[in-house]
Amino acid sequence: MIPPDNFDPPVGTAEMLEPGLRRIVAPNPSPMTYRGTNTYLFGQRELCVIDPGPLSDTHLDAILAAVEPQQRVKYIIVTHGHVDHAELARPLAKAVGGAEILAFGDARSGMSPVMRQLHAAGLAGGGEGIDESFAPDRCIVDGEIISCDTLSLEVLHTPGHIGNHVCLAWEDRCFTADHVMGWASSLVSPPDGDLTDFMASCAKLQTRKWRVFYPGHGGPIDAPHERLDWLIAHRQTREAEILQRLGKGAATADDLAHQIYTDVPAALLPAATRNVFAHLIDLWGKDHVRAIGELSTAACFERRDGGA
């Protein structure tokens, strides 16, 4: 488990994190967003606003107040298409006189084939809320360099939490949005999220040397590689537990969630069931389990090796 932290910043205030970087926490605290969405102002004279946040006049005013007279907002970068990160992009662009909105496509871009199949079959909900109306002015791609004055960001496509998710590398720092957070493990909820993609994206981040992660929610992560190791081990432990339970017989995602998440409040069990379903799809893709009938949240799953 992740120990409690002391992250309790003033909401709506631009705080300097290091030269060229400020953070404003949006007024949208919740069980999914922790203290609120982190909006980052990156740059000196030219600014990149990373994750403008939810639709909120109060938060819009806070961002505009933080832009100093000698500064201009050049880019608005949306790391992924969930409402708490993307909704304010268009109003902010209009308010600052037409900054270019950048993202890895619309909210449905980057979906894996199996998630497209499930989405087409009607699976929806269970996530943090898709901003279906979101579309960038320009699509960015993996490896692209985005420059603001003398500072630059490298785009890292990191699907998993959602297909169009990107992290942004700034030398040995990384804006990890909702892929890596310090206060909780990332939500992976089909059809928005794909656990196979999520694990591959974790492995991708592991190949780089990082000093600090700046997440979409919560405080900076000062031991980024330890955090990545924890995330991977956490998912591997859950996978082993699911396989162990399936060794006793076929079960649905809901059955498994009730067996595994015994200390979770009833209101959170639907999210737990989606998390188990994400693992089952990953195991299905690796041919460790099979679905009895069509692949769906209601399907029964069994181990292909018969269990142990």
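Which helix lies across β14 and β15, and at about what angle does this helix run to β14? The legends below take up this question first and then turn to single residues. The structure is a predicted model, in which local features need pLDDT of at least 70 and side-chain atom pairs count only at pLDDT 80 or more, while totals for chains, interfaces and linings use all residues. Residues are numbered from 1 along each chain as its sequence is written, and side-chain values use heavy atoms, with hydrogens and water left out.

View 1. Helix α8, residues 269–285, lies across β14 and β15 and runs at about 110 degrees to β14. Here helices (H or I, at least four residues) and strands (E, at least two) are DSSP runs numbered from the N terminus, and axes are lines fitted to C-alpha atoms, for helices over the stretch in contact, with angles from 0 to 180 degrees between N-to-C directions. The three strands form an open sheet in the order β13-β15-β14 with antiparallel pairing, where two strands pair if DSSP finds at least two bridges between them. The edge strands, each pairing on one side only, are β13 (251–252) and β14 (289–292). Between β13 and β15 (residues 300–303) the antiparallel pairing extends over two bridges, and T252 has C300 in β15 as its bridge partner.

View 2. V78 is placed in the loop between β5 (72–77) and α2 (83–86), and V78 is buried, with a relative accessible area of 0%; buried means under 20% relative accessible area, exposed over 50%, and partly exposed in between (1.4 Å probe, protein chains only). Leaving aside neighbours within four places in sequence, V78 is in contact with residues including D51, P52, H85, F134 and V166, contact meaning heavy atoms within 4.5 Å. The C-alpha atoms of V78 and P54, which are 24 residues apart along the chain, are separated by 11 Å.

View 3. D51, in the loop between β4 (46–50) and α1 (57–66), has a phi near 60 degrees, a positive value in a residue other than glycine. D51 is buried, with a relative accessible area of 2%. D149, found in the loop between β8 (145–148) and β9 (151–157), has a positive phi near 55 degrees, and at 36% relative accessibility D149 counts as partly exposed.

**View 4. The cis peptide bond from P190 to P191.** This peptide bond is cis, with omega near 5 degrees, and P191 is found in the loop between β11 (173–177) and α5 (195–206).
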